[in-house]
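Try each task before reading its solution.

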Amino acid sequence: MAILNSNIPSGPVAQKWEKHKFDMKLVNPANKRKFDVIVVGSGLAGASAAATMAELGYNVKCFCFQDSPRRAHSIAAQGGINAAKNYQNDGDSIYRLFYDTIKGGDFRAREANVYRLAQVSVNIIDQCAAQGVPFAREYGGLLSNRSFGGAQVSRTFYARGQTGQQLLIGAYQALERQIGLGKVKMYSRTEMLELVLIDGHAKGIIVRDLVTGAISTHAGDAVVLATGGYGNVFYLSTNAKGCNVTATWRAYKKGACFANPCYTQIHPTCIPVSGEHQSKLTLMSESLRNDGRVWIPKRKEDCRKVPHEIPEEARDYILERKYPSYGNLAPRDISSRAAKEACDEGRGVGPSGLGVYLDFADAIKRLGENVIRERYANLFDMYEKITGENAYKLPMRIYPAVHYTMGGSWVDYNLMSNVPGLFVLGEANFSDHGANRLGASALMQGLADGYFVLPYTIGNYFASAKQPKPKADHPEFKKALDDVQARTKRLLSIKGKRTVNSFHKELGKIMWEKCGMARSEQSLKEALKLIPALREEFYKNVNVAGSEGEFNQNLEHAGRLADFFEFGELLCHDALHRNESCGGHFRVEYQTEDGEAKRNDEDYAYVAAWEYAGEGKPPILNKEPLVYEEIHMSTRSYK
Amino acid sequence: MNLILEVWRQKNANDTGSFVTYEAKDIIPDMSFLEMLDVVNEDLIARGEQPIAFDSDCREGICGTCSMVINGIAHGGLRGTTACQLHMRHFSDGDTITVEPWRASAFPVIRDLVTDRDAFDRIIQAGGFVSVNTGGTPDANALPIPKTDADEAMDAAACIGCGACVAACKNASAMLFVSAKVSHLALLPQGKPEAERRVLNMVKQMSIEGFGSCTVTGSCEAVCPKEISIDFIARMNREYGKAILKNRTDSKEGA
C-alpha cells in the first residue's frame with residue numbers, strides 16, 4: 001500500500017496556508033540556481049509555474065508537445081476566472097468562494113486546499129492585471145464581473161469570451177521573458193513518454209522530439225507535471241486533439257497514485273454532434289446561461305417544429321422549473337443531467353434528437369441585440385461557423401459533452417504526489433474540485449497552483465529532502481529509455497488492418513455509453529470486458545503508419561491511445577467501486593426519488609487513490625478520508 | 001460530395017516537395033476542412049500510405065495551431081475563420097482544392113503542411129511582455145483603465161499567433177503579428193514603462209528572423225482569422241518612431 005499523507009497543516013482553516021508558508025523551509029536565493037526543475041506542460045499551470053520558478057532563480061526546463069507553449073489547451077477556456085474580490089459589493093468573500101467550491105464539488109474535495117485556492121484567487125487577478133491581461137472593464141475603468149454556475153454572487157472576471165486565451169498569453173509572456181533571459185530552456189514539439197525515479201524520488205523524464213523522432217533523457221532535481229486532463233479517453237470531448245493522459249499515466253505506473261478518475265465533468269452547453277465524422281466537440285461558454293434560457297417543447301410532437309412556432313405555454317424551461325433559485329445557472333452536472341433526461345424522454349430537438357434549446361430571444365428583447373453581441377459575439381460567430389445557424393434569430397441547440405476531468409494524480413497539500421519530488425498541478429491533479437468543478441474555477445486553480453503554491457512548496461522539498469544531484473548516466477535512465485523505445489517499436493511493428501483513429505473512436509463510444517453521464521453496475525461491468533478485448537485487438541491489428549525516426553503524428557496518436565486503453569479501464573473500475581452518485585459521477589442505482597444524485601457520506605467520503613500493482617493485477621485502492629471541519633456536509637440543493 | 005485535392009507533400013525540410021492529387025469521397029457539408037482531411041488520411045493509412053501531416057489542436061479556432069493555405073488563401077478565405085472552423089458547406093461537389101503549407105523562409109516546412117513557427121516565440125522573447133515577477137503587484141482595481149483602451153487592447157490581444165498574416169504577405173512580413181503585441185501592451189498603462197524598449201527590440205528581432213518588409217497592402221488583415229486591424233501597424237510605426245527619436249543610441253544598434 002502507498003503511504004498517503006495529505007500533510008494538511010494544523011490550525012484553523014483560514015490560517016493554515018499562512019502558517020504553512022512560515023513553517024516551510026526555504027532555499028536561499030543564491031542556492032536556487034543549483035536546482036534544476038523539469039516542468040512538463042505549458043498551459044496555465046505549467047507556464048505560470050515555470051516562469052515563477054525561473055524568476056525565483058531555479059533553472060527550469062519546460063516541455064510541451066505543441067509547437068509553441070502559447071497553444072496549450074488552457075487557451076480554449078472561454079468564460080472567465082473566479083476570484084473572491086467582492087468588487088461588486090454583493091456579499092462575496094474568501095469564505096463564500098470556499099463554501100461554494102466545496103458545495104459545488106459535492107463534498108468530495110479537501111477543505112484545506114480549497115480554502116487556500118479561494119485565498120490566493122485575489123492575488124491571481126492582481127498578477128494578471130499587472131501583466132497586461134486586458135480584462136473587461138466598466139466605463140469607470142474598474143474591472144467588470146459576470147456570474148457563473150453554482151454561485152449567487154458576481155465574481156467571475158473575463159476578457160470577452162477569450163479569458164483562457166488572455167490568461168494563458170499572460171503566463172506565456174512571463175515564460176517567454178524567462179526563456180529570453182536564459183532561465184528557462186523551452187522544448188516545444190517534445191512529448192514526455194516516461195518518468196524516471198532514482199531511489200524512489202522523481203529525477204527525470206524520457207522525451208521524444210516530435211520533429212526528428214529522437215528519444216532522449218532529461219535529469220532534474222524535481223519533476224512537475226502540468227499536463228492537463230484525460231477527457232479524450234471519451235474520444236469526443238471539448239479537449240484539444242492532442243490532450244492526453246500519458247504523463248500522469250506513466251507516473252501512475254511508476255508508483256504515483258491516481259485519484260478519483262471517475263470524476264469527469266460533462267458540460268451542459270456544447271454544440272451537438274453532427275455525424276460520424278466528428279473529430280471533437282465545441283463548447284459554448286457557460287457564461288451564455290447568464291442570458292440564455294434552456295428549454296425544450298413540452299410535447300414530443302413539437303420537437304420537429306421551428307422553435308418560434310412553439311408558443312410560450314408549450315415550452316418547458318427545464319432548469320427554471322426544476323431549480324428555481326439558480327435557474328439557468330444551476331451547476332454543470334445538474335444541468336447536463338436535466339438535458340439528458342429530457343432527450344431520453346424523447347423531447348430533444350435537432351436532427352439527432354440529442355439537443356435542447358438555449359434561447360436568447362428574451363435577453364435580446366430586454367437588452368437589445370447590441371448588448372448581447374458585445375457580450376458574446378465570438379461565441380455566436382463560432383456557433384454559426386459550425387452549425388450554419390444564426391443564434392441571434394434562432395435559439396442555439398446544445399447538448400452535454402465531456403469537458404473537464406476532476407480526477408488526476410493524487411497530491412498532498414504541497415501538490416506533491418506520493419512519489420517524492422513529483423509535483424502535479426492544474427487539471428492533471430485531483431485536488432480542488434471534488435466531484436464537480438464549478439465554472440470559472442479551472443483557470444483559477446491552474447494559476448493558483450503555478451503562481452502561488454508550487455513556487456513555495458517546491459523549495460520546501462529541496463530544503464528538506466536533500467537529495468543528491470541525479471546523474472544522467474544513471475542506469476535508471478538507460479532502462480527507461482529502452483522501455484520507451486521498445487514500446488514505440490512494438491506499436492510500429494504490428495502493421496495490422498485498422499487505423500489508430502478507428503480504435504480511439506471505438507474506445508470513446510464504450511466510455512461514453514457505459515461510463516458517461518449515467519453509469520450502472522451493469523454498464524461498467526460490460527465496459528470492463530469490452531475495453532481489454534479492444535486493447536487486445538489493438539495490439540494485434542492496429543496499423544501505425546510511418547517509422548519512428550521522423551515526424552509521425554500517427555505514432556504520437558497510437559502512443560497516447562495505448563495509455564488511454566489502460567487508463568479507461570481504471571476509470572471504469574473507480575466508477576464501479578464508488579457505490580454512490582456525487583457530482584459528475586452519476587450511478588443510476590443511487591438517486592433520489594426526483595432523480596438527483598444520492599451521495600453516501602457514510603461509506604464514500606474519501607478520496608480513492610489507486611495504486612499500480614503491476615501488469616495484469618487489479619489496482620490497489622488507497623483511501624484518504626475527507627474530514628469536514630468547517631463546512632457541514634449537506635445534500636446539495638440548488639432548488 | 002466528392003472533391004479533388006492537390007496537396008503539398010514534402011517529407012522534411014530538405015526535401016523539395018511537390019503536389020500530389022488525392023480524391024476526397026463522400027464528404028458531408030457539416031464536416032470541417034480538417035475533418036475532411038481526417039477522412040482522406042484514414043483512407044491513406046488503410047492503403048498503406050503516409051497520411052498528410054498537418055497541424056491542429058483545439059479545432060475551435062483559438063489555439064492558432066492549424067495553418068494551411070487553401071486555394072491560395074491562408075485559412076481558406078472565409079472571413080475571420082481558421083482552417084479548423086472552415087466547414088465543407090462552403091465547397092461544392094466536384095471542386096478541386098489546393099492545399100499548401102505557409103510559405104515563408106522564416107517558417108521552414110517540417111513536413112507536408114507543417115511549418116516551424118518558433119520565430120514568433122523568439123519575437124515575443126525579445127520584448128512581448130511586461131517585466132513583472134509573480135507577487136507584489138498592486139490591487140487590480142488600483143489602476144483604472146478607460147474601457148475604450150481596454151477594449152482596443154483586447155482587439156489587439158486577440159491575435160492567436162497562427163502566422164496567416166505572414167503567409168498572405170508577398171514579402172512574408174510579420175508586421176501584423178508584431179504590431180498586435182506592441183499595441184496590446186502599449187495601450188495599457190502596465191505596458192507603458194517598457195513601451196520603447198519593447199517596440200525596438202521586437203522589430204529588431206523580426207528583421208533577424210528574416211521576415212520581410214511591410215508595404216501596407218492589407219493582405220494580412222484580409223486573412224487574419226481574428227480580424228486584427230492594420231491600424232495596429234500604423235500604431236506600431238508611431239510607437240517605433242517615437243522610440244527611435246528618444247533612443248538614438250539604441251536605434252543605431254537596433255533597427
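A disulfide is counted when two cysteine sulfur atoms lie within 2.5 Å of each other. Keep in mind that this model is predicted.

**Exercise 1.** Find how many disulfides there are over all chains, and check Cys162(B) and Cys165(B) against the cut-off.

*Solution.* 
- Step 1: Applying the cut-off over all chains gives zero disulfides.
- Step 2: For Cys162(B), the nearest cysteine sulfur belongs to Cys165(B), 6.4 Å away, and Cys162(B) is in no disulfide.
- Step 3: Starting from Cys165(B), the nearest cysteine sulfur is that of Cys162(B), again at 6.4 Å, and Cys165(B) is in no disulfide either.

**Exercise 2.** Decide whether Cys162(B) and Cys165(B) are buried or exposed.

*Solution.* 
- Step 1: Buried means under 20% relative accessible area.
- Step 2: Cys162(B) has a relative accessible area of 6%, so this residue is buried.
- Step 3: Cys165(B) has 9% relative accessibility and therefore counts as buried too.

**Exercise 3.** Describe the largest nonpolar core and where its residues come from.

*Solution.* 
- Step 1: This core holds 158 residues, and those touching the most other members are Met53(A), Ile81(A), Leu422(A), Ile458(A) and Phe211(B).
- Step 2: Helix α12 of chain A (residues 442-465) gives the largest share, twelve residues.
- Step 3: Chain B takes part as well: domain 1 (3-111) and domain 2 (118-253) each supply at least three residues.
- Step 4: Now zoom in on Ile458(A). Beyond its neighbours within four places in sequence, Ile458(A) is in contact with Val37(A), Met53(A), Tyr58(A), Ala222(A), Val224(A) and Phe423(A).
- Step 5: Finally, look for a second, separate core of 83 residues, which includes Val233(A), Tyr326(A), Leu524(A) and Phe567(A).

Terms used:
Residues are numbered from 1 along each chain as its sequence is written. Chains are lettered from A and ligands numbered from 1 in the order in which they are written. This is a predicted model: local features need pLDDT of at least 70, side-chain atom pairs count only at pLDDT 80 or more; totals for chains, interfaces and linings use all residues. Side-chain values use heavy atoms; hydrogens and water are left out. Buried means under 20% relative accessible area, exposed over 50%, partly exposed in between (1.4 Å probe, protein chains only). A nonpolar core is a set of buried Ala, Val, Leu, Ile, Met, Phe, Trp, Tyr and Cys residues joined through side-chain atoms within 4.5 Å. Helices (H or I, at least four residues) and strands (E, at least two) are DSSP runs, numbered from the N terminus. Domain bounds come from an automatic or database domain assignment. Contact means heavy atoms within 4.5 Å.
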